[in-house]
Amino acid sequence: MRILPVVFARADSSRLPGKVLSPILGSHSVIDCIITQVRALAYEESAIAEPVIATSTRSVDDSIARYGEGKGVQVYRGALSPMLRLCELASANVDAWLWRLNADSPLILFPLIKHIVSKLSDMDDATQLITNLNKRTFPYGISLEMYRSRWLREIVNSSHTEEEREHITPICKRLNNDNICNIEANDLSIPDFDSTVRLTIDYEEDADFFGSLWLHPVFDSTEVGSIERITMAYKERIKL
């Protein structure tokens, strides 16, 4: 089964409007860095498909659609609710794992995704979700959620709570532990992180932090997607 990376993006963030397309990371936007990282992973791992940008049909999100078209990235425009958008994509993608990526999280941990790829062929058919959120051992923002499209298609017409529609993660409560594969830091032979340390861009101070980090010569010398890069970002964030 292939992994379809789905980058969720909306242009009208209430806390930091326009953050998705703003040149926060040096001269690059957050979504630009996410797409670049996902494509690098797809180049190394044949199980990972080209990314899809999932946004709404509202006119305010036209700029995101134009960005995707300009970068040669498929853009799916659907419901305003992220949960419904994900279910819509599941209906159009049979036998896939939908990898949810948020456009406020600029760092992807490559060894985490490669670990998942190595486990896919042995994945139990009962497993509907691969995640690292059941027991959080990674920094906030180094999040993994891969949903089996078959399961999402089964619940596409069911009633969703407001919390599920907006945040998606609460849908996990519908699954039993036997349906969930949870990945922890020690599965990658690395120590646990403090999961309350945020590596997301939600506020102006987060944009300032990541903007400075991207220009830091030591950070720049680390390999994209590496544990060293995530660890440095984590340690620099703790200092604040």
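Two residues are in contact when heavy atoms of theirs lie within 4.5 Å. Keep that in mind for the views below, which all come from a predicted model.

**View 1. Trp99 and its contacts.** Skip its neighbours within four places in sequence, and Trp99 still touches a run of residues from Ile3 through Leu4 and Pro5 to Val6. It is also in contact with Val38, Leu41, Ile108 and Ile113. Leu144, Glu145 and Met146 complete the list for Trp99.

**View 2. The largest nonpolar core.** Now zoom out to the core around that residue. This core has 60 residues, and Trp99 and Ile130 are the ones with the most contacts inside it. At least two residues each come from strand S1 (2-8) and strand S4 (96-102), and also from helices H1 (30-44), H2 (62-71), H4 (110-119), H7 (204-214) and H9 (227-239). Which of them gives the largest share? That's H1, with eight residues. There is also a second, separate core of 23 residues, and Ala49, Ala96, Leu98 and Ile155 are among them. As background, nonpolar side chains tend to be buried together in soluble globular proteins.

**View 3. Where H1 meets H4.** The axes of H1 and H4 come within 11 Å and cross at roughly 40°, so H1 counts as oblique to H4. Their crossing is right-handed. On the H1 side, the contact is made by Gln37, Ala40, Leu41 and Glu44, while H4 brings Phe110, Ile113 and Lys114. Sort the residues of this contact by class and you get four nonpolar, one polar and two charged.

**View 4. Where H7 meets H9.** How do the axes of H7 and H9 cross? They come within 11 Å and cross at roughly 130°. H7 passes H9 in a right-handed crossing. Asp206, Phe209 and Leu213 of H7 make the contact with Ala233, Glu236 and Arg237 of H9. By class, that contact has three nonpolar, three charged and no polar residues.

**View 5. The buried side of H7.** Which of its residues are buried? They are Asp206, Ala207, Phe209, Phe210, Gly211, Leu213 and Trp214. The cover over these buried residues of H7 includes H1, H9 and helix H8 (217-221).

Note on methods:
Residues are numbered from 1 along each chain as its sequence is written. This is a predicted model: local features need pLDDT of at least 70, side-chain atom pairs count only at pLDDT 80 or more; totals for chains, interfaces and linings use all residues. Side-chain values use heavy atoms; hydrogens and water are left out. A nonpolar core is a set of buried Ala, Val, Leu, Ile, Met, Phe, Trp, Tyr and Cys residues joined through side-chain atoms within 4.5 Å. Buried means under 20% relative accessible area, exposed over 50%, partly exposed in between (1.4 Å probe, protein chains only). Helices (H or I, at least four residues) and strands (E, at least two) are DSSP runs, numbered from the N terminus. Axes are lines fitted to C-alpha atoms, for helices over the stretch in contact, and angles run from 0 to 180 degrees between N-to-C directions. A crossing is left-handed if the near helix is turned anticlockwise from the far one by less than a right angle, and right-handed if clockwise. Ala, Val, Leu, Ile, Met, Phe, Trp, Tyr, Cys and Pro count as nonpolar, Asp, Glu, Lys and Arg as charged, and the others, Gly among them, as polar. Angles under 35 degrees count as roughly parallel, over 145 as roughly antiparallel, 65 to 115 as roughly perpendicular and the rest as oblique.
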